[in-house]
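Here are my notebook entries from an afternoon with one protein model. Have the sequence and the 3D view open, and follow along with me.

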Amino acid sequence: MARAPQGRDGRRGKRQDGQQGTVRPIRRLGDPVLRTECDPVRTFDAALERLVDDMFATMYEADGAGLAANQIGVSQQIFVYDCADDEGRRHIGHVVNPVLVAEDGEMVVEQEGCLSVPGLNFPTPRHAHAIVEGVDVKGKPVRIEGTGYFARCLQHECYHLRGGVYIDVLSGEARREAMRAIRAAQP
Ligand SMILES: [Zn+2]
């Protein structure tokens with residue numbers, strides 16, 4: 001997911017010194033891998049750790065707040081995030097085989113963007129609270145709870161792994177406007 005357009009945490013999302021990982025090309029809307037439900041990870045090995053490192057490097061290079069594996073062409077259930085919530089708390093991590101176990105609270109319509117639909121943001125309805133459960137690269141269980149913009153990020157990334165793109169959840173005029181803008185942005 002793109003960072004909040006307001007940049008409310010003031011952070012630049014560039015990679016940090018000592019960080020491993022190779023920046024990979026980000027797939028754009030229209031690539032079938034973004035429309036394919038990702039497979040569960042079954043092998044927890046060094047290759048998985050390298051993949052997560054590459055995902056972080058790619059997310060930071062693109063100044064993103066979250067990145068799903070299929071956005072770099074890998075159809076596996078993994079996402080990474082470095083995202084502030086509405087209280088300015090920064091959340092950094094990764095999750096393998098995530099399940100969105102809760103999405104509740106009020107619906108909030110706020111600008112949202114995606115690294116696979118670069119340069120565009122649209123007002124998108126999301127729940128104010130979300131909980132994701134999964135495991136880390138070692139297979140150890142993790143539970144991630146988010147509110148505000150971070151809850152938005154969790155919902156956005158889980159949706160990617162099911163073969164969705166946030167444009168799908170727009171409705172009515174916002175969706176028509178998005179489709180027009182995406183067509184206009186295509187070379
Ligand atoms: Zn996205």
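**Entry 1: what covers a helix.** I began with helix H1 and looked up what lies over its buried residues: the cover includes S1, S2 and S3. For contact I used C-beta atoms, placed from the backbone, within 7 Å of each other. Helices (H or I, at least four residues) and strands (E, at least two) are DSSP runs, numbered from the N terminus.

Two notes on the ground rules. I was looking at a predicted model, where local features need pLDDT of at least 70, side-chain atom pairs count only at pLDDT 80 or more, and totals for chains, interfaces and linings use all residues. Residues are numbered from 1 along each chain as its sequence is written.

**Entry 2: more on H1.** Which residues of H1 are buried? I listed Leu51, Val52, Asp54, Met55, Phe56, Ala57, Thr58, Met59 and Tyr60. Buried means that 20 or more other C-beta atoms lie within 10 Å of a residue's own; exposed means 12 or fewer, and partly exposed is in between, with C-beta atoms placed from the backbone. H1 (residues 46-61) lies across S1, S2 and strand S3 (90-114), and runs at about 40° to S2. For such angles, axes are lines fitted to C-alpha atoms, for helices over the stretch in contact, and the angles run from 0 to 180 degrees between N-to-C directions. I also checked the length: the 16 residues of H1 reach 22 Å from first C-alpha to last, close to the 22 Å expected at 1.5 Å a residue. The expected span is 1.5 Å times one less than the number of residues. Just after H1, I found Asp63 with a positive phi of about 60°.

**Entry 3: the sheet.** Next I traced the strands. Five of them form an open sheet in the order S1-S2-S3-S4-S5, with antiparallel pairing. Two strands pair if DSSP finds at least two bridges between them. At the edges I found strand S1 (66-68) and strand S5 (141-147), each pairing on one side only. Neighbouring strands of this sheet are turned by 40° against each other on average, direction ignored. A reminder to myself: strands of a sheet pair through backbone hydrogen bonds, either parallel or antiparallel.

Then I went pair by pair:

- S1 and strand S2 (residues 78-84) are antiparallel and share three bridges; Ala68 stands opposite Phe79 in S2.
- S3 and S4 pair in the antiparallel sense over 14 bridges, and a hairpin joins S3 to S4 through two residues. Val99 has Glu133 in S4 as its bridge partner.
- S4 and S5 run antiparallel, joined by seven bridges. Their hairpin has five residues between the strands, and Gly139 in the turn has a positive phi of about 90°. Ile131 is bridged to Glu145 in S5, and Val135 to Pro141 in S5.

**Entry 4: the core.** Which residues touch the most other members of the largest nonpolar core? Of its 41 residues, they are Met55, Ala69, Phe79, Val80, Cys153 and Leu154. A nonpolar core is a set of buried Ala, Val, Leu, Ile, Met, Phe, Trp, Tyr and Cys residues joined through C-beta atoms within 7 Å. H1, S1, S2, S3, S4 and H2 each supply at least two residues of this core.

**Entry 5: Glu157 and helix H2.** H2 (residues 148-161) lies across S1, S2, S3, strand S4 (117-135) and S5, at about 90° to S4. Why does Glu157 count as buried? Because it has 26 C-beta neighbours inside 10 Å. Leaving out residues up to four places away in sequence, Glu157 touches Met1, Gly66, Ala68, Phe79 and Tyr81. The UniProt annotation "active site", from an unreviewed entry, covers Glu157; such annotations may be inferred rather than shown by experiment, and the positions use the numbering here, with feature names shortened.

**Entry 6: two last look-ups.** His127 lies in strand S4 and counts as partly exposed, because it has 19 C-beta neighbours inside 10 Å. Its contacts include Glu103, Met107, Ala151 and Gln155. Finally, helix H3 lies largely in the open, because the number buried among its 14 residues is one.

Key
Contact = placed C-beta atoms within 7 Å.
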